[in-house]
Amino acid sequence: MATAKSNTNWFAIGVSIAVVVVLVVLGGLVVFLNNQATAPGATPESNGAFDAEAGSISLGEGEADDTVAVFVDFQCPACKAFEDQFGEALAAKAEDGSINLEYHPIAILDRYSQGTEYSSRSAGAAICVAEANPDLYLDFANLLFENQPAENTTGLTNEQLAEFAAQAGADDAVECINDETYRKFGAAQAKANEIGGTPTVEINGTRLDLQNAADMKKLTDLLG
């Protein structure tokens, strides 16, 4: 009887150890998968007006006293409305040297594209264009906003994104877009910059509350 009791105890200990090992392995797998999901993916190369580290495309000469940074998600209807209202004036002020203008394509609205992660794919496509030819970024971005898919649809396909890039003149970005080279870049930039909603606008590094009249006046004052 004593021997049987001893064997039973060792068996229970062995089972407990095995359970612990399985839990540790599962825990490690969960951490690995989470890291994979939030990893920034491939890193683009800076090119002319495109700063890969900052994830920004600069318009203008960069010598003005004031810098306006705009963080956009191409799935975001409010971003389209912002560009419809202010985009042309911002670009004009950047062109005449009144302001420095930066655009940051980011991704926070993947949940609204039925699993196709359109926010991430479109942001990645914009980065492909910026890397290939940053001077064509704004033309490409305008095409995406003009053809913005409704929320809770599958969004544009990679082929359509590539077609718009070619239409903007950025043929060198087509392969990058079809390969989804920078699919993870937009979400990583959103996390790095703590973007919780779009459009997010900063003037000289200070983030504006676009629902606040005083903050909005700071923007409109810059635009004259």
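Just after helix α5, G169 takes a positive phi of about 100°. This is a predicted model, in which local features need pLDDT of at least 70, side-chain atom pairs count only at pLDDT 80 or more, and totals for chains, interfaces and linings use all residues. Residues are numbered from 1 along each chain as its sequence is written, and side-chain values use heavy atoms, with hydrogens and water left out.

**The whole chain**

The chain has eight helices and six strands. Helices (H or I, at least four residues) and strands (E, at least two) are DSSP runs, numbered from the N terminus. Their order from the N terminus is α-β-β-β-α-β-α-α-α-α-α-β-β-α. The chain holds 224 residues, and 41% of them are buried. Buried means under 20% relative accessible area, exposed over 50%, and partly exposed in between (1.4 Å probe, protein chains only). Contact means heavy atoms within 4.5 Å. Of the contacts between residues at least 6 apart in sequence, 73% join residues at least 24 apart.

In α5, the buried residues are N158, L161, A162, F164, A165 and A168. They cover an arc of only 160° around the axis, so they lie on the same side of α5. The arc is that of the directions from the helix axis to the C-beta atoms. The face turned away from this buried side carries the exposed residues E163 and Q167. The buried residues of α5 pack against α3, α4 and α6.

N158 belongs to α5, which spans residues 158-168. N158 has a relative accessible area of 12%, so it is buried. Beyond its neighbours within four places in sequence, N158 contacts R121, I177, N178 and E180.

L136 sits in the loop between α3 and α4. Its relative accessibility is 16%, so L136 counts as buried. L136 touches V129, A168, G169 and A170, not counting residues up to four places away in sequence. L136 and A126 are ten residues apart in sequence, and their C-alpha atoms are 9.7 Å apart.

Next comes α4. This helix is mostly covered, with seven of its ten residues buried. Those residues are Y137, L138, F140, A141, L143, L144 and F145. Their cover includes β2, β3, α2, β4, α3 and α5.

**Where α2 meets α8**

Two packed helices are described by the angle between their axes and the distance between the axes. Here are the values for α2 and α8.

| Item | Value |
|---|---|
| α2 | residues 77-95 |
| α8 | residues 213-223 |
| Angle between α2 and α8 | about 45° |
| Distance between the axes of α2 and α8 | 9 Å |

That angle makes α2 oblique to α8. Axes are lines fitted to C-alpha atoms, for helices over the stretch in contact, and angles run from 0 to 180 degrees between N-to-C directions. Angles under 35 degrees count as roughly parallel, over 145 as roughly antiparallel, 65 to 115 as roughly perpendicular, and the rest as oblique.

On the α2 side, the contact is made by F82, F86, A89, L90 and K93. On the α8 side stand M216, L219, T220, L222 and L223.

**The nonpolar cores**

A nonpolar core is a set of buried Ala, Val, Leu, Ile, Met, Phe, Trp, Tyr and Cys residues joined through side-chain atoms within 4.5 Å. The largest has 53 residues, and V68 and L90 touch the most other members. Leaving out residues up to four places away in sequence, L90 touches V68, V70, F82, I99, L101, Y103, L219 and L223. A second, separate core of five residues includes A69, F71, I106 and A190.
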